[in-house]
Amino acid sequence: MTTNIQRYLDKGLRGLWYPVLASWEVQSAPVGITRLSQQIVVWRNREGQLQALEDRCPHRGARLSMGWNLGDRIACWYHGVEVAGDGEVKDVPAVDRCPLVGQKCVRSYQVKEEHGAIFLWFGVTADDQPSELSFPQELADSASYSNFLCTAGWNCNYQYALENVMDPMHGTYLHSSSHSMAEGDRKADMILQPTASGFVFQKEGQIGVNFDWVEFGDSGAQWMRLSIPYQKRFGPGGHFWIVGMVVPEDEDHCRVFFWRIRKVDGWQRDLWRFMYRNRLEGLHWDVLEQDRVVLESMAPNAREHEYLYQHDVGLSRLRRMMQKAAKQQLARIEAQSEQQGVS
């Protein structure tokens, strides 16, 4: 049973909204992606609203993402079969009175576009209704905070990316040459504090110096939140906030989303956005690149040969939470399968 739970977890927890693409990545042409080991096509209709379907033509299984955007539907490149955003076949132009027309043959996905990202709902079962989706204040309050979204593909399982952020101590070592993480003690005791939506994991007695704390939360989507102090020479000082999310592509690949955020308004907002684009963005990408290189180079089956210590309490708590959720989701799927077998 434990092996099945981990195998399920490696592909990604369900019952969640996941960011799958940045908004700017979907224009007029259909875009094919793999998320949670599912092939999906995303496109915009004539009004600019997003549509998402299983990336499979119901006729012969060709990729709909290779076809034409007809606004409210996609036409398959292979034989022209037209499928609407709700998964219903609208036309089979090659034949008259085709029985496929009018049938919902392809799975559709609920879509939201928030804070420069495209979110899809992945239910545990096919009839699961989407949960409410809310965001940490630093993202939700766009009047007080300004942000930039960066996203990248990493060649590692998504759990490594989550656990990397749940490990504040790595900043002191891996990112010791960073413009924002060069300060602070290289030794610390860690404490964990539960919250309404997850928990906070932090260094005891050191706040506002380095990557000193991180919060894990679940409010429809799973997110991580942290702050790093900004030196005055990199803008108007104060906290630099990061809200991060990770979506599995398959067992060996994931996509990371990081919103870089400042609480600024007026001319200081304009100044920070200018400085970020012209001076700071490259420095932050350097930090992400260090994370990527380490995680993509982990020893084979690294998690099976670990020796964890006190600094790893946060990632251990996260693992237990996710394993519990995976066990519950597997039980639901198996119960539904048994019920359908009986009926």
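**Close-up 1. The hairpin of strands S3 and S4 in the predicted model.** Gly 48 takes a positive phi near 85° in the hairpin of S3 and S4, where five residues lie between the strands. Strand S3, residues 38–44, runs antiparallel to S4 and is joined to it by five bridges, and Trp 43 has Gln 51 in S4 as its bridge partner.

**Close-up 2. The largest pocket, with about 520 Å³ of space.** The lining of this pocket is made up of 21 residues, of which Asp 167, His 170, Met 298, Asp 312 and Leu 315 are the closest to its centre. Two or more lining residues come from each of helix H3 (158–165), helix H4 (169–174), helix H5 (266–296) and helix H6 (313–342), and H4 gives the largest share, four residues. By residue class, the lining of the largest pocket divides into 11 nonpolar, three polar and seven charged residues.

**Close-up 3. The second largest pocket, with about 430 Å³ of space.** Of the 18 residues that line the second largest pocket, Asn 157, Tyr 160, Asn 301, Ala 302 and Arg 303 are the closest to its centre. Helix H1 (2–11), H3 and H5 are the elements that give two or more residues to the lining of this pocket, whose residues divide into seven nonpolar, five polar and six charged.

Terms used:
Residues numbered from 1 in each chain as written. Predicted model: local features only at pLDDT ≥ 70, side-chain atom pairs only at ≥ 80, totals over all residues. Heavy atoms only, no water. 1 Å grid on protein atoms, 1.4 Å probe; cavity = no way out; pocket = protein on both sides within 12 Å on 5 of 7 lines; lining within 4 Å. Points joined across faces, edges and corners; volume = space filled by probe spheres on them. Nonpolar A, V, L, I, M, F, W, Y, C, P; charged D, E, K, R; others polar. Pairing = 2+ DSSP bridges.
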